[in-house]
Amino acid sequence: GYRAQVTKATGDQGLDIIAVKGTFKLGVQTKRWSGSVGNKAIQETVAGKAYYNVDQVLVVTNSYFTNEAIALARANNVMLWDRHDLEEKMKSL
């Protein structure tokens, strides 16, 4: 039920997708990495939240997040979906 818009490939200001449902706007950053996702991804997402004026932000990865990134995300109200979460979401489809 969301309308999704992909931001530009470079200079995206921290978000890759803006999804809108009614008046709610969700900003998503995607990280396809072989290693753990760290603080930088969270920092970029927080910046993107302000830049795009979205209500909530989410970082999605095929990998996992470092403990530091998890703590920073909690402090900034950033939702995180790691490999395990993606597998669960896909099973529910």
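Analyst: Lys40 and Glu44 form a salt bridge, with their closest N and O atoms 3.4 Å apart; the term means a side-chain nitrogen of Lys or Arg within 4 Å of a carboxyl oxygen of Asp or Glu. This is a predicted model, where local features need pLDDT of at least 70, side-chain atom pairs count only at pLDDT 80 or more, and totals for chains, interfaces and linings use all residues. Residues are numbered from 1 along each chain as its sequence is written, and side-chain values use heavy atoms, leaving out hydrogens and water.

User: Which residues are linked with Lys40 in a network of salt bridges?

Analyst: Glu44 also meets the side chain of Lys31 in a salt bridge, at 3.7 Å from N to O. That pair links distant parts of the chain, strand S3 (residues 24-31) and helix H1 (residues 39-52). The network joins Lys40 to Lys31 and Glu44.

User: Is Lys31 buried or exposed?

Analyst: Buried means under 20% relative accessible area, exposed over 50%, and partly exposed in between (1.4 Å probe, protein chains only). Lys31 has 15% relative accessibility, so the residue counts as buried.

User: Which residues does Asp82 touch, not counting those up to four places away in sequence?

Analyst: Asp82 lies in the loop between strand S5 and helix H3. Asp82 is buried and has no salt bridge. With contact taken as heavy atoms within 4.5 Å, Asp82 touches Thr61, Ser63, Tyr64 and Phe65.

Technical notes. Helices (H or I, at least four residues) and strands (E, at least two) are DSSP runs, numbered from the N terminus. Lys and Arg count as positive and Asp and Glu as negative; His and the chain ends are not counted.
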